[in-house]
Amino acid sequence: MEEDRKPEWGDPHCLSMIRSGQELEGQSISVKKNARFQKRKQAEPSIDVLYEGVLKGERSLLARAITLVESNAEQHFQEAQQLLQRLLPRTGKSIRIGITGVPGAGKSTFIESFGTYLCSLGYRVAVLAIDPSSSISGGSILGDKTRMEQLSKHANAFIRPSPTAGKLGGVHRKTREAMLICEAAGFDVILIETVGVGQSEIIIRDMVDFFMLLTLTGAGDELQGMKKGVIELADAIIVHKADGSNKERAEQTKHEYNQILHFLQPATKGWVTKAYTCSSLTQEGISEIWRVIQSFEKNIKVTGVFEDRRRSQAREWLYSMITDQLHFLFYHHNGVRGALPKLENEVISGGKTVAAAVETLMDIFISTKKT
């Protein structure tokens, strides 16, 4: 630019001037055309750093460790297993509690109230809230941390919302491994909130010590839409929102549930499942539920049920991981991926039976070396 001049787009009264740039002595200026801003990639902490951070209870590194085990990248999977192997001797000392409930039962509200109460007693509480993933986009809202605003601020609490979707295990692997990391970090109580009444309850039952079902008043109406099997999984049924004008109805509902439970097989050997009432609004009944859980823990440890259940859960985890790994390897096998679209079309058009197509794919998977 030869001389100062006003920009051609400027107002006649504009005082702005365009001046040529000046190069500082000893520095060169280079401007790349069409350059795009790129955020500097944050270096991933090493396994050693994550290990030490988890043992010290550092929240940021605890969160990074859980993110590592939740990753679907194969490299991260191997790194996560290395970390877990080192943390394994520090796990197993917490009480694991699964919480499910009918829609609208107030699971997150209960967990915030219950968790805050435990924190006030000096316990360290970790909440693993499983959010359902969209079958269309694969995304999750992960809103539990927002709903548990007070608990998330407590120094003794840690809340981790996690999606259900993902290969190599989903809820089976990721929630179990996140739970182990929280135990290694020194949390006394692990609360696992499920997505709702359904298949996930069976999965969570197989990874916790104590399983509770939250429900609302009107047992007869609720039972119409609830599978009997879900009730049989519970170690306690909590009639929630027992406050104000709803308190009397909640007591009646509790009575109805106790009549039903009398005819069902208990979920835990040597333990009688009962129904209780509580209110997260008034805190009434919260302390009683904790006393019930403490009594349950003492009972099953004395009778040996605790150790038997933990061993059984480890065995179930092993077999579920074998299934998940085979599923992953099968669909990532080059020969299977190459043959599947053709066989799929033949099945759809009626040219080949489903059983024959499956047998062909299995032959390819077993006989062809994976590349």
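Modeller: Let's start with a word you'll need: a residue is buried if its relative accessible area is under 20%, exposed if over 50%, and partly exposed in between (1.4 Å probe, protein chains only). By that rule, 43% of the 371 residues in this protein are buried. What you're looking at is a predicted model, where local features need pLDDT of at least 70 and side-chain atom pairs count only at pLDDT 80 or more, while totals for chains, interfaces and linings use all residues. Residues are numbered from 1 along each chain as its sequence is written, and side-chain values use heavy atoms, with hydrogens and water left out.

The protein has 15 helices and seven strands, taken as DSSP runs numbered from the N terminus (helices are H or I, at least four residues; strands are E, at least two). A contact means heavy atoms within 4.5 Å. Of the contacts between residues at least 6 apart in sequence, 74% link residues at least 24 apart.

Now to the packing. Two packed helices are described by the angle between their axes and the distance between the axes. Those axes are lines fitted to C-alpha atoms, for helices over the stretch in contact, and the angles run from 0 to 180 degrees between N-to-C directions.

Take helix α1 (residues 47-56) and find helix α2 (residues 59-70): they pack at about 125°, with axes 8 Å apart. That makes the pair oblique, since under 35 degrees counts as roughly parallel, over 145 as roughly antiparallel, 65 to 115 as roughly perpendicular and the rest as oblique. The crossing of α1 and α2 is left-handed, meaning the near helix is turned anticlockwise from the far one by less than a right angle; clockwise would be right-handed. On the α1 side you'll find Ile47, Val49, Leu50, Gly53 and Val54, which meet Leu61, Leu62, Arg64, Ala65 and Leu68 of α2. Sorted by class, that contact has eight nonpolar, one polar and one charged residues. Here Ala, Val, Leu, Ile, Met, Phe, Trp, Tyr, Cys and Pro are nonpolar, Asp, Glu, Lys and Arg are charged, and the others, Gly among them, are polar.

α1 also packs on helix α3 (residues 74-87), at about 40° and with axes 10 Å apart. So α1 and α3 are oblique to each other, and their crossing is right-handed. α1 brings Ile47, Asp48, Leu50, Tyr51, Val54 and Leu55, while α3 brings Glu79, Gln82, Leu83, Arg86 and Leu87. This α1 and α3 contact divides into seven nonpolar, one polar and three charged residues.

Phe296, Ile300, Lys301 and Thr303 of α12 touch Val305, Phe306 and Arg309 of α13, a contact of four nonpolar, one polar and two charged residues.

Back in α12 sits Glu288, which is partly exposed at 32% relative accessible area.
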